[in-house]
Amino acid sequence: MFQRAAQRAALRPSLGRRHLITGKPLHIVVGLSGTKYGDLAIKAAVEYSRDVDKITGIYIPPTLPREAPAMVQEDFAKYRDTKTKEVLQRAAKLSEEVLKNSGSKASFAIKEIAGTASRKVALVQACFDLDADLLVLGSKGLMAELSEATGTSGPAKADVSSTPHYAMHNAPCPVLVVKP
């Protein structure tokens with residue numbers, strides 16, 4: 001059965017890495033979190049990039065409510081800036097390494113979207129704006145990784161956190177949720 005499918009696929013004319021319907025270059029968007037789950041999402045995006053021209057990693061830094069005290073906001077701003085730099089460097093290094101090892105011809109760009117109140121809404125909006133053909137996310141994010149590290153309950157117990165869940169229902173493209 002699998003041999004027949006492979007034979008049929010070999011007979012189909014190649015579209016030269018273009019979208020089947022629109023004919024435009026394919027584009028994968030991957031959510032960056034700076035966690036092991038985010039790293040798995042980058043690896044999965046590269047694995048699926050055989051017929052893709054472009055992969056864009058999206059990082060949306062966390063924000064605090066405006067009502068937070070000024071001292072808390074200053075400390076949080078330092079944390080946010082440090083974490084953003086760390087996540088972007090980690091994603092750039094990992095994507096370069098994985099792309100080189102995979103032999104993929106796709107380019108990997110990283111985009112930071114700052115100043116948004118809802119990270120999951122901003123991620124889905126980025127898929128609309130970038131005209132994504134696939135969104136790849138880790139099944140959990142930073143809060144789940146912190147819960148696992150400290151042994152507390154919460155997001156670590158859920159199979160899928162709220163951001164991938166929201167994206168599955170609202171993204172304009174298929175969503176691949178990568179689970180370890």
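**Guided questions on a predicted model**

Visitor: Why is R90 called partly exposed?
Guide: R90 has a relative accessible area of 32%. Buried means under 20%, exposed over 50%, and partly exposed in between (1.4 Å probe, protein chains only). The value of 32% therefore makes R90 partly exposed. A word on the origin: this is a predicted model, where local features need pLDDT of at least 70, side-chain atom pairs count only at pLDDT 80 or more, and totals for chains, interfaces and linings use all residues. Residues are numbered from 1 along each chain as its sequence is written, and side-chain values use heavy atoms, leaving out hydrogens and water.

Visitor: Where is R90, and what does R90 touch?
Guide: R90 sits in helix 3. Helices are DSSP runs of H or I with at least four residues, strands are runs of E with at least two, and both are numbered from the N terminus. Contact means heavy atoms within 4.5 Å. Neighbours within four places in sequence aside, R90 contacts G34, T35, K36 and D39. R90 and D39 are 51 residues apart along the chain, yet their C-alpha atoms are separated by 8.7 Å.

Visitor: How do helix 2 and helix 3 pack?
Guide: Helix 2 covers residues 36–47 and helix 3 covers residues 70–102. Their angle is about 35°, and their axes are 10 Å apart. Axes are lines fitted to C-alpha atoms, for helices over the stretch in contact; angles run from 0 to 180 degrees between N-to-C directions.

Visitor: Which residues make that contact?
Guide: Helix 2 supplies K36, D39, I42, K43 and V46. Helix 3 supplies R90, A91, L94, S95, V98, L99 and S102.

Visitor: How many of the contact residues are nonpolar, polar and charged?
Guide: Six are nonpolar, two polar and four charged. Ala, Val, Leu, Ile, Met, Phe, Trp, Tyr, Cys and Pro count as nonpolar; Asp, Glu, Lys and Arg as charged; the others, Gly among them, as polar.

Visitor: Why is V136 called buried?
Guide: V136 has 0% relative accessibility, so V136 counts as buried. V136 is in strand 4. Sequence neighbours within four places aside, its contacts include I28, V30, A41, A45, L176 and V178.

Visitor: What makes a nonpolar core, and which residues touch the most other members of the largest one?
Guide: A nonpolar core is a set of buried Ala, Val, Leu, Ile, Met, Phe, Trp, Tyr and Cys residues joined through side-chain atoms within 4.5 Å. The largest core has 22 residues, and I28, V30, L32, I42, I55 and V136 touch the most other members. Strand 1 (27–31), helix 2, strand 2 (54–59), helix 3 and strand 4 (134–138) each give two or more residues to this core. A second, separate core of 15 residues includes V29, A122, C127 and L137.

Visitor: What does I55 contact?
Guide: Neighbours within four places in sequence aside, its partners include I28, V30, A45, V46 and F108.

Visitor: Is V52 buried or exposed?
Guide: V52 lies in the loop between helix 2 and strand 2. At 5% relative accessibility, V52 counts as buried. The C-alpha atoms of V52 and H27 are separated by 6.1 Å, though these residues are 25 apart along the chain.

Visitor: What makes the phi of D131 worth a remark?
Guide: The value is near 55°, positive in a residue other than glycine. Most residues other than glycine have a negative phi. D131 lies in the loop between helix 4 (119–130) and strand 4. At 42% relative accessibility, D131 counts as partly exposed.

Visitor: What is the overall pattern of the chain?
Guide: There are six helices and five strands. Along the sequence they follow α-β-α-β-α-β-α-β-α-α-β. Buried residues make up 37% of the 180 residues. Among contacts between residues at least 6 apart in sequence, 74% join residues at least 24 apart.
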